[in-house]
Amino acid sequence: MIRKHSATLHGHRTSFSLEDAFWAELKVIAASRSMPLAALISEIDDNRPAGSNLSSALRLHVLAWAKAGGSDEKSKT
């Protein structure tokens, strides 16, 4: 199921839609890096290509992390 989520990025509220599985994996990634989920989302947002969608960037980050075997080395966007 796709759910709307909200985050504050650089002082501005934004919302994005993610499937529950992607949301759960973002939490796992943040925990594995010992960082708050909001900080991870902000990092992904800061590194996404101009004009790209935040929801898509979050999904692609999770995919890259999973393809790297749960390692953050190849998933940095």
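Mentor: One term before we start: two strands pair if DSSP finds at least two bridges between them. Helices (H or I, at least four residues) and strands (E, at least two) are DSSP runs, numbered from the N terminus.
Trainee: And the ground rules?
Mentor: This is a predicted model, where local features need pLDDT of at least 70, side-chain atom pairs count only at pLDDT 80 or more, and totals for chains, interfaces and linings use all residues. Residues are numbered from 1 along each chain as its sequence is written, and side-chain values use heavy atoms, with hydrogens and water left out.
Trainee: How many residues sit between β1 and β2 in the hairpin?
Mentor: There are 2. Histidine 10, in that turn, has a positive phi of about 55°.
Trainee: In which sense do β1 and β2 pair?
Mentor: Antiparallel, over 8 bridges. β1 covers residues 2–9 and β2 covers residues 12–19. Isoleucine 2 faces glutamate 19 of β2.
Trainee: What pattern does the protein follow along the sequence?
Mentor: β-β-α-α-α. The radius of gyration, over C-alpha atoms, is 12 Å, close to the 11 Å from the globule rule (2.2 Å times the number of residues to the power 0.38) for 77 residues, so the protein is as compact as a globular protein of that length.
Trainee: What share of residues is buried?
Mentor: 34% of the 77, with buried meaning under 20% relative accessible area (1.4 Å probe, protein chains only).
Trainee: And the box its C-alpha atoms fill?
Mentor: Roughly 30 × 25 × 25 Å, along the principal axes.

Terms used:
Buried means under 20% relative accessible area, exposed over 50%, partly exposed in between (1.4 Å probe, protein chains only).
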